[in-house]
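I opened the model today to look up a few local features, some contacts and the division into domains. My notes follow in the order in which I looked.

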Amino acid sequence: VWAKVPLGPRDAILGVTEAFKADKNPKKINLGVGAYRDDKGKPYVLPSVQKAEQQLAKAGHDKEYLPITGLPEFVNAAVKLAYGENSKPLQEGRIAATQTISGTGALRLGLAFLARFFPHKSIYLPDKTWANHAAIVKDCGLEVKHYKYYDPETVGVAFEGFKADVRAAPNGSAFLLHAAAFNPLGTDLTKEQWAELCEIFKEKQHFAFFDMAYQGFASGIFEDDAFPVRHFVEQGFPIALCQSFAKNMGLYGERVGAFSLVCADKDEKARVDSQLKILIRPMYSNPPVHGARLAAQILNSPELYKDWKVEVKGMADRIIAMREALYDLLQNKYKTPGDWSHVKKQIGMFSYTGLKPEQVDALATHASIYLTRDGRISMAGLNSSNIEYFAENVSKAVKG
Ligand code: LMR
């Protein structure tokens with residue numbers, strides 16, 4: 001029956017891990033997937049997560065089903081973390097929210113909601129974006145449109161082009177916006193630019209659909225990273241928001257996330273909530289319980305919450321140290337052609353190096369260094385033992 005099923009391509013990001021795993025070179029490095037590693041190159045289970053695990057084990061929970069929209073203690077705390085406890089729609093009880101299967105699940109659910117209820121059957125994505133965004137949009141039955149974001153000259157943001165595309169889009173269009181630590185570019189708008197963008201959104205009555213997978217990773221400060229979300233909400237926008245706790249709590253495989261929509265009033269929220277349930281039930285019935293309990297334990301315990309914030313800052317700071325070291329090696333030690341200052345300026349988990357696909361291929365073939373073909377590297381995969389080897393080989397690949 002499946003004789004005509006064609007062989008599909010490897011996933012742009014997770015396929016890199018597959019290739020890495022198959023490589024026998026002891027010096028191999030995986031900078032493909034955005035997953036934090038410590039300075040020994042090992043996966044990192046946050047101490048706050050370990051403590052939460054112990055507390056949960058002591059409490060002896062059962063394994064019953066969660067409600068369709070997940071664990072309320074988790075969902076409420078996640079929403080508070082994103083919007084801030086003084087947020088008006090939160091206080092007025094008009095944010096419809098649900099637990100999701102991490103950030104991808106939040107996107108999938110949110111975009112399915114748009115496909116069903118949003119007047120336009122399309123959404124604008126930045127011209128460079130997370131490799132999975134377009135696939136999710138298409139699989140939800142929406143059309144992908146693009147707005148200008150990437151400036152190849154500076155390996156930064158093309159803000160003028162971005163604004164022009166926002167102005168040129170039909171009124172009331174949906175735009176997917178990276179809230180913080182833009183993946184893959186590592187370059188966010190400044191607060192002033194966000195405020196300017198928000199004014200154009202007002203004129204055009206556009207809809208802001210935020211993807212916030214890295215709250216805490218950009219600046220190390222949760223409130224600052226949530227600025228665009230909070231600003232749009234303060235300005236009265238009925239935004240959509242996808243959250244993930246994969247990166248900031250290191251809960252990758254636990255699949256902990258949330259999706260929320262700011263509604264006009266409690267009645268609208270009740271209707272939206274009912275439709276989110278109608279979408280979720282045939283998709284996966286209800287979400288997994290363990291990761292949500294862990295996240296809730298941390299978010300709702302003042303002591304663990306305090307520890308967690310310090311640990312997130314620790315991860316952000318190690319990445320910043322790697323950026324400084326990489327810049328120094330590429331620019332000064334190996335005299336790699338070009339200006340590498342963007343490596344230092346970028347923020348969050350990734351650096352968009354500007355390496356060309358052929359150079360990426362050469363790194364894999366000659367040095368067993370794996371990254372996505374768009375030239376993105378997960379900075380978290382670099383450490384004091386492998387950074388020199390990486391820089392030396394990047395320099396060779398650039399020099400050809
Ligand atoms: C990434 O961009 O590497 C992460 O978001 C992991 C993933 O699922 O792609």
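This is a predicted model: local features need pLDDT of at least 70, side-chain atom pairs count only at pLDDT 80 or more; totals for chains, interfaces and linings use all residues.

Entry 1, a strand residue. I began with V262, which touches P89, R94, I95, V233, P238 and I239 when residues up to four places away in sequence are left out; two residues are in contact here if their C-beta atoms, placed from the backbone, lie within 7 Å. V262 lies in strand 10, where helices (H or I, at least four residues) and strands (E, at least two) are DSSP runs numbered from the N terminus. The C-alpha atoms of V262 and R94 are 6.3 Å apart, although 168 residues separate the two along the chain. V262 counts as buried because it has 27 C-beta neighbours inside 10 Å; the term buried asks for 20 or more other C-beta atoms within 10 Å of the residue's own, exposed for 12 or fewer, and partly exposed covers what is in between, with C-beta atoms placed from the backbone.

Residues are numbered from 1 along each chain as its sequence is written.

I looked up two residues here, L251 and R255, in the loop that runs from strand 9 (240–244) to strand 10 (256–262). L251 is buried, because 23 C-beta neighbours fall inside 10 Å, and its contacts, residues up to four places away in sequence not counted, are V49, F245, A246, V256, G291, L294 and A295. R255 is not a glycine, yet I noted a positive phi of about 55 degrees for it, and with 21 C-beta neighbours inside 10 Å R255 counts as buried.

A cis peptide bond, with omega about 20 degrees, joins N183 and P184, and P184 is in the loop between strand 7 (174–178) and helix 8 (191–204). In helix 8 I also looked up E203, which is exposed, with 10 other C-beta atoms within 10 Å; E203 and N171 are 32 residues apart in sequence and 8.5 Å apart in space, C-alpha to C-alpha.

I listed the residues around the ligand as I13, V33, G34, W130, N132 and N183, taking a residue as near if its C-beta atom, placed from the backbone, lies within 6 Å of the molecule. This shell divides into three nonpolar, three polar and no charged residues, where Ala, Val, Leu, Ile, Met, Phe, Trp, Tyr, Cys and Pro count as nonpolar, Asp, Glu, Lys and Arg as charged, and the others, Gly among them, as polar.

How do helix 2 and helix 12 lie to each other? Helix 2 (residues 47–59) packs on helix 12 at an angle of about 110 degrees, with the axes 9 Å apart, and the two are therefore roughly perpendicular. Axes are lines fitted to C-alpha atoms, for helices over the stretch in contact, and angles run from 0 to 180 degrees between N-to-C directions; under 35 degrees counts as roughly parallel, over 145 as roughly antiparallel, 65 to 115 as roughly perpendicular and the rest as oblique. S48, V49, A52, E53, Q55 and L56 of helix 2 make this contact with R293, L294, Q297 and I298 of helix 12. The axes of helix 2 and helix 13 come within 8 Å and cross at roughly 150 degrees, and these helices are therefore roughly antiparallel. P47, S48, K51 and A52 in helix 2 meet L304, D307, W308 and E311 in helix 13.

An automatic or database domain assignment divides the chain into domain 1 (14–44 + 316–399) and domain 2 (65–300). Their C-alpha centres lie 28 Å apart, and 18 residues of domain 1 are in contact with 18 residues of domain 2.
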